[in-house]
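Open the model in your viewer and keep the selection tool handy.

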Amino acid sequence: MLRACLRGANSSARKNFGRTPLTNLQPCRHYTAGESGGAAKVVAAGLVTVGGGIGGTILYAKWDPKFRAGVEKNVPYSDRLLGLALGPASQYGGLPIKNQEMAQPPSMMEKPQKGSKAKMEKKLKDESPAAEAGPVPAQPAPSIEEASTEATHIISAISEMSSVPAPCDSEAAAVKEECKECHDHKDTALSAMDEPEPVASEALKERPVEEVTARLALQDQEEQEIITSVSASLDESLASSAKATLQAIGAQEAALQAIAQHTVKLKEAMEAEVPPEEKSAQWKDLEASLAERTSAVTSAETALSNANEALHSLKAVIDSSKGLKVAAVRPLVLAAEENLHNMVVDLDKVVTKVQSSESEAKIVSQYSELVNEAKLQFQREVTSLTPEIQANWKGLTGKLSEDDLNALIAHAHRRIDQLNRELAEQRVREQIHIDASLEQQKLEDQKALEKAVSTALQHVKEEARLEQERKLSELREVMEAEMRTQLRRQAAAHTDHVQDVLKVQEQELRADAEQVLSRKMLEQETSYRQLSQEQLDNFTLDMNTAYARLKGVEEAIDSHVLAEEEARKAHHLWLSVEALNFTLKTAEADVPTQPLQGAAQAVRDSCHDNDFALALASALPEESLQRGVYSEASLRARFHALRSLVRRVALIDESHNSLYQYFLSYIQAALLFEDKHQTPPTQLSSEDLDPFKLLAYASFCLEHGDLELAAKLVNQLRGEARRVVEDWLTEARLTLETRQVVSLLSAYANAVGLGTTQAP
Amino acid sequence: MSEKELGKKWDRCLADGAIKLGTGLGLGIVFSVLFFKRHTWPISFGSGTGLGMAYANCQNDLRSFYMQHSSEKEQ
């Protein structure tokens with residue numbers, strides 16, 4: 001049926017809608033057609049808007065990095081898009097500026113930190129400041145340098161600067177003294193030459209404190225290394241150069257000495273008229289001295305070359321150490337340069353001395369050579385004249401003949417003439433020669449002068465430069481000292497101000513803290529009191545509850561005991577009642593039950609405190625107690641026996657009790673037939689009081705086990721019938737009574753038992 | 001047993017009746033023989049008397065419950 005309805009509905013719907021699509025299509029088409037155009041427009045407009053929005057966002061992000069950062073933060077995956085469109089974010093564009101600004105204060109903080117830390121480290125490590133005048137002066141140089149940069153930065157950016165640690169100043173002052181000591185001892189303490197680390201030419205980035213300390217340590221290490229290396233090199237070179245120079249000077253002096261000696265000896269040998277033996281000795285001496293001179297000169301030359309080398313190396317080292325661009329090395333470099341200059345000057349002096357003596361010696365040697373030449377020529381002439389006479393004519397005084405002597409004299413005269421002529425010539429040419437030699441000498445002098453002038457100029461320049469540098473360094477020191485004093489003053493003022501502010505803050509904070517403390521104390525006290533009170537209350541509560549529970553438990557136990565007792569009693573009662581009940585069953589046919597006395601006594605015993613049960617137990621009829629009761633079956637049987645009798649005496653009552661009546665009632669009984677059993681009505685009417693009917697009812701009741709109703713019905717019998725059933729009735733009554741009492745007792749025992757048993 | 005009483009009563013009645021009848025008859029016979037020249041009337045009289053007495057006794061016995069002694073009434 002449902003399907004049919006649906007089908008009908010579908011068909012009707014189809015019918016209904018079958019028509020409309022045809023009519024709706026066209027308007028729909030129009031609608032859709034129109035709408036398609038409209039939809040395209042809307043879509044296009046939407047796309048344009050979105051594209052415009054995105055493009056605008058990108059452009060603005062390009063212009064404003066903060067906006068870009070905001071967009072990238074808030075919109076996921078926008079960083080990719082913006083990265084594609086604009087390239088990687090110039091996030092760090094904003095930071096370098098900040099870093100540059102911030103780098104200087106951190107660098108400022110780093111430098112004093114570095115300097116102070118290094119100083120403090122040094123101070124902690126070193127125990128004797130005098131011994132460590134060397135290493136520590138390295139630090140004041142950087143600290144001075146750094147302090148100057150600091151000062152400029154502080155002056156420019158005073159607001160950003162945090163407080164310069166005060167120990168820096170005291171340390172700077174101590175360091176300055178040590179620096180002075182250093183300057184005093186610089187010539188002797190060549191062993192300890194430190195070089196400060198290169199000033200921060202590092203990247204301008206903020207670094208964490210640990211990094212800074214690490215870097216400081218690293219820089220300290222580097223500094224140490226550089227210091228040691230440079231000091232070693234400078235020491236080496238200075239020492240070597242000094243040694244070489246001294247050696248050279250010594251050698252030169254020795255050469256000078258040798259030359260002088262040689263010259264003197266030569267002069268002596270030339271001019272002195274000594275006996276020939278001494279002359280040979282003299283010549284030997286001369287040769288020796290010549291040899292000495294040559295050796296001395298060569299050694300001097302080698303020494304000079306060594307010294308020059310050493311000086312060159314020293315200069316190179318000094319240049320390299322200058323080239324390290326360290327400021328504080330200047331005084332030391334200055335000192336080294338001065339040393340160098342002195343050495344060079346000494347060397348030059350000695351060299352000039354040697355040269356002059358050499359030139360003198362040259363003259364003398366030339367003179368000696370000339371003399372030797374003349375001598376040799378003379379010797380040759382003499383030998384040519386007198387071939388047999390040997391050269392050593394001095395020892396030939398006795399061997400010479402007159403001819404020889406004359407020849408010698410003639411030769412001598414001729415030689416004298418010749419020499420006079422030469423002398424005259426020489427005198428004539430003297431002036432020319434003198435002029436020429438003067439010219440030569442002038443030239444040479446000029447050369448020498450130029451050379452001397454140039455060297456002197458160099459020396460003077462060098463000295464001037466050194467002087468300038470010295471003055472510069474002194475000035476710098478002075479300025480730095482002044483700067484330091486200013487800084488110290490500022491720092492002192494700052495520390496005073498900070499101290500004042502701190503004092504005020506301390507006061508305020510103390511007051512606040514005391515207030516807070518007092519409040520907290522009060523709170524604590526109140527809370528403590530509250531807690532203790534609570535505890536007490538809780539404790540009393542717990543105690544009370546425990547006590548109550550204990551009481552409850554006790555009561556429960558007592559009640560339990562009582563209940564147990566009751567249960568036991570009830571059980572006992574029940575048992576006795578059961579026994580009583582059982583005795584009721586002991587009735588056999590026509591034999592009454594056992595006397596219930598015992599059971600009743602048992603019952604009575606088991607319930608002496610229970611009035612109800614006692615009453616019930618005592619309500620048992622005596623007869624039942626003494627004699628027992630008849631069972632229902634026996635009563636029934638008896639009734640059956642009785643019934644005929646009752647029927648026979650049905651008419652007999654007080655008034656009708658003659659024999660004739662008896663006869664009549666017998667006949668009636670014989671002739672009347674009634675139902676054996678008839679259901680008794682709920683209410684007896686007057687006509688139901690007929691004995692026959694009553695008997696029928698009672699018989700029915702008995703058949704159905706209702707002794708009570710049967711007894712009641714039988715009780716309605718009157719007259720002789722009544723007299724006949726009297727005993728039966730009594731027995732029935734007894735039985736009923738007993739049964740009732742027993743059932744009551746049993747019910748009571750059950751009830752009590754149920755009541756006492758505790759449900760699980 | 002109250003129901004046995006009636007039976008007992010009837011037994012007595014009958015026994016009594018039998019006795020009385022017998023006695024009456026006997027007396028009647030005796031009297032008839034002795035005194036009344038073998039008339040039958042004393043026998044019948046005697047039996048009748050006996051029977052009557054028995055009837056009366058039976059009735060009385062059966063009625064005895066309903067009838068109270070005058071002494072009991074007075075009491």
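Across all chains, the structure holds 18 salt bridges. Keep in mind on this tour that the model is predicted.

**Stop 1: along helix 11 of chain A**

Select Glu506(A) and Arg510(A), whose side chains meet in a salt bridge with an N to O distance of 2.5 Å. The two sit 4 residues apart in helix 11 (residues 402-585) of chain A, which means about one helical turn separates them. An α-helix has 3.6 residues a turn, so residues three or four places apart point the same way.

Next, pick Glu525(A) and Arg529(A), another salt bridge, with the closest N and O atoms 3.1 Å apart. Both lie in helix 11 of chain A, again 4 residues apart, or about one turn of the helix. Glu525(A) is partly exposed, with a relative accessible area of 41%, while Arg529(A) counts as exposed at 52%.

**Stop 2: a link between two helices**

Now select Glu632(A) and Arg739(A), which form a salt bridge at 2.8 Å, N to O. Glu632(A) belongs to helix 15 (residues 632-648) of chain A and Arg739(A) to helix 20 (residues 726-756) of chain A, so this pair ties together parts 107 residues apart in sequence. Glu632(A) is buried, with a relative accessible area of 16%; Arg739(A), at 31%, is partly exposed.

Then highlight Glu462(A), Arg465(A) and Glu469(A), which salt bridges with shared partners join into one network.

**Stop 3: helix 12 of chain A**

Which residues are buried in helix 12 (residues 597-606) of chain A? Select Ala599(A), Ala600(A), Val603(A) and Ser606(A) to see them. They cover an arc of only 125° around the axis, so they are on the same side of helix 12 of chain A.

**Stop 4: where chain B meets chain A**

Finally, colour by chain: 15 residues of chain B are in contact with 22 residues of chain A. The two chains bury about 1600 Å² between them, 58% of it on carbon and sulfur atoms. In chain B, show Glu3(B), Leu6(B) and Tyr66(B), which lose the most area to chain A, together 40% of what that side buries.

Looking for salt bridges across this interface, the rule finds 0, but 2 residue pairs are in polar contact. Helix 1 (2-34) and helix 2 (41-63) of chain B each supply at least two residues of the side that touches chain A. Helix 1 of chain B gives the most, with 6 residues. By type, that side of chain B divides into 9 nonpolar, 2 polar and 4 charged residues.

Note on methods
Residues numbered from 1 in each chain as written. Chains lettered and ligands numbered in written order. Predicted model: local features only at pLDDT ≥ 70, side-chain atom pairs only at ≥ 80, totals over all residues. Heavy atoms only, no water. Contact = heavy atoms within 4.5 Å. Buried area = accessible area lost by both parts, 1.4 Å probe. Salt bridge = Lys/Arg side-chain N within 4 Å of Asp/Glu carboxyl O. Polar contact = N/O pair within 3.5 Å; in protein donor to acceptor, adjacent residues only side chain to side chain. Nonpolar A, V, L, I, M, F, W, Y, C, P; charged D, E, K, R; others polar. Buried < 20%, exposed > 50% of the residue type's maximum accessible area, 1.4 Å probe, protein only. Arc of directions from axis to C-beta.
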